[in-house]
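I opened my notebook for a friendly first walk through this structure. Here is what I looked up, entry by entry.

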Amino acid sequence: MTDTNTDPGGIEPDPDLVHHLAAHTAPAACADALIRDAQGQVLIVDPVYKPGWDLPGGMLGDEEPAEALVRELREELGLPAEVGRLLVVDTVPARRWGRTILALIYAAHPGNAIEVADLVLQSSEIREARFVSDQEALALLAEPVAARLAAALAAERGSHTAVLRDGRPVPVARRDHYRLLPAPMMAATVLVRDTAGRVLVLDPSYKAHLELPGGMVEAHETPAQAAGRELAEELALTVQVGRLLVVDSNPADRSRHGRALTCHVYDTEPLTPAQAQALRFTDGEILAARWLEPKEAQEQLPAVLAQRVEAALRALRGGTVVEISRGVGHGPSGGV
């Protein structure tokens, strides 16, 4: 694919190619937004120029989709918003409207919590706007848009972009199907202790509270591999990640980011004084490290992390794996 954009260090595009592309037949495209208020309700609009309710957004000019969506939201609703991830790509065949249309839905996020009273409707474009529940939105929207919204809601709960043809899912190869299945977010934490029995807690630059060593598991990693990588990145610490101590599972409604989260807590051999002294914060994410007595660590950490420390210490004493959920302990088990 030839890139026809010009960048400061690039080459001027071929004028003949520019002329060819300008005259080339292309699909029309529109970009709509899935916007929620503080109560989690969906914003829908009643356009003047067509019957029925719709999602906010509009047709693209010669512009990028996210740029067009920002413009449409500002023009039609007086709403500044940040465009987030792409949730839906729906290819509408020409037989429906006489021209192939690419219909996109993005997650969009206003800077502040908004209500209908905050919107400034462009009277020549929008008759009314409402925040409604997911089910109300699906019932009020016309069938093609409702089908897109249903796919957007599923994508919002998952980690994929829905690919549709005329509102229906496009079949994918089995390998891709399994890669796109919704899954919990995964995190990996390590209970790092020293030979004096103290617990390592970290002061991160990107959070307002103390943390345990670890981080999110990336798509290509096992949780144990992620734990080892995080120790190396955050602390310049290369050690063998030990056995699994805790599985902490939290449903979406108890997770800060609205996704189910599973965290694995691992053991490692206690650090010697020389190893503890050699810790370095190489990637800038960690400002300082503290060695605390276990009880003191639990007192200074947020409740969720304190619970993981308590469960990990219990697992160490019992030679078990402890399963917990947000605020609820299920007790030790011999495996997971």
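**Entry 1: around helix 7**

I started just after helix 7, where Ala236 takes a positive phi of about 55 degrees. This is a predicted model, so I kept that in mind for every entry. I then looked at helix 7 itself, which covers residues 223–235 and has 13 residues. From its first C-alpha to its last, helix 7 reaches 18 Å, close to the 18 Å expected at 1.5 Å a residue.

Which residues of helix 7 are buried? I noted Pro223, Ala226, Ala227, Arg229, Glu230, Leu231, Glu234 and Leu235. These buried residues pack against strand 9 (185–191), strand 10 (199–204), strand 11 (214–216), strand 12 (241–250), strand 13 and strand 14 (286–292).

**Entry 2: Asp267**

Next I picked a residue in strand 13 (residues 261–268), namely Asp267. Is Asp267 buried or exposed? Asp267 counts as buried because its relative accessibility is 13%, and the cut-off for buried is under 20%. Leaving aside residues up to four places away in sequence, I found Asp267 touching Val190, Leu191, Arg193, Val241, Gly242, Arg243, Leu245 and Leu316.

I then turned to an open sheet of six strands, in the order 3-1-5-4-7-8, with mixed pairing. Strand 3 (57–59) and strand 8 (168–169) stand at the edges with a single partner strand each, so one side of each has no neighbour in the sheet.

Strand 1 (residues 28–34) pairs with strand 3 in the antiparallel sense, over three bridges. In strand 3, Gly57 stands opposite Asp32.

I also checked which helices lie on these strands. Helix 2 (residues 65–77) lies across strand 1, strand 3, strand 4 (81–92) and strand 5 (101–110), and runs at about 120 degrees to strand 3. Helix 5 (residues 143–157) packs on the sheet too, touching strand 1, strand 4, strand 5 and strand 7 (162–165). The direction of helix 5 makes about 125 degrees with that of strand 4.

**Entry 3: cysteines**

How many disulfides are there? I counted zero. I looked at two cysteines anyway: Cys30 counts as buried at 10% relative accessibility, and Cys263 counts as buried at 0%.

**Entry 4: the record**

Last, I looked in UniProt, where an unreviewed entry places the feature "domain: Nudix hydrolase" at residues 25–154 and 183–314. In the model, residues 25–154 are 28% helix and 35% strand, with the end C-alpha atoms 33 Å apart. Residues 183–314 are 28% helix and 31% strand, and there the end C-alpha atoms lie 28 Å apart.

Terms used:
Residues numbered from 1 in each chain as written. Predicted model: local features only at pLDDT ≥ 70, side-chain atom pairs only at ≥ 80, totals over all residues. Heavy atoms only, no water. Helix = DSSP H or I, 4+ residues; strand = E, 2+ residues; numbered from the N terminus. Buried < 20%, exposed > 50% of the residue type's maximum accessible area, 1.4 Å probe, protein only. Contact = heavy atoms within 4.5 Å. Disulfide = S-S within 2.5 Å. UniProt positions renumbered as here; feature names shortened; annotations may be inferred. Pairing = 2+ DSSP bridges. Axes fitted to C-alpha atoms, helices over the stretch in contact; angles between N-to-C directions. Expected span 1.5 Å × (residues − 1).
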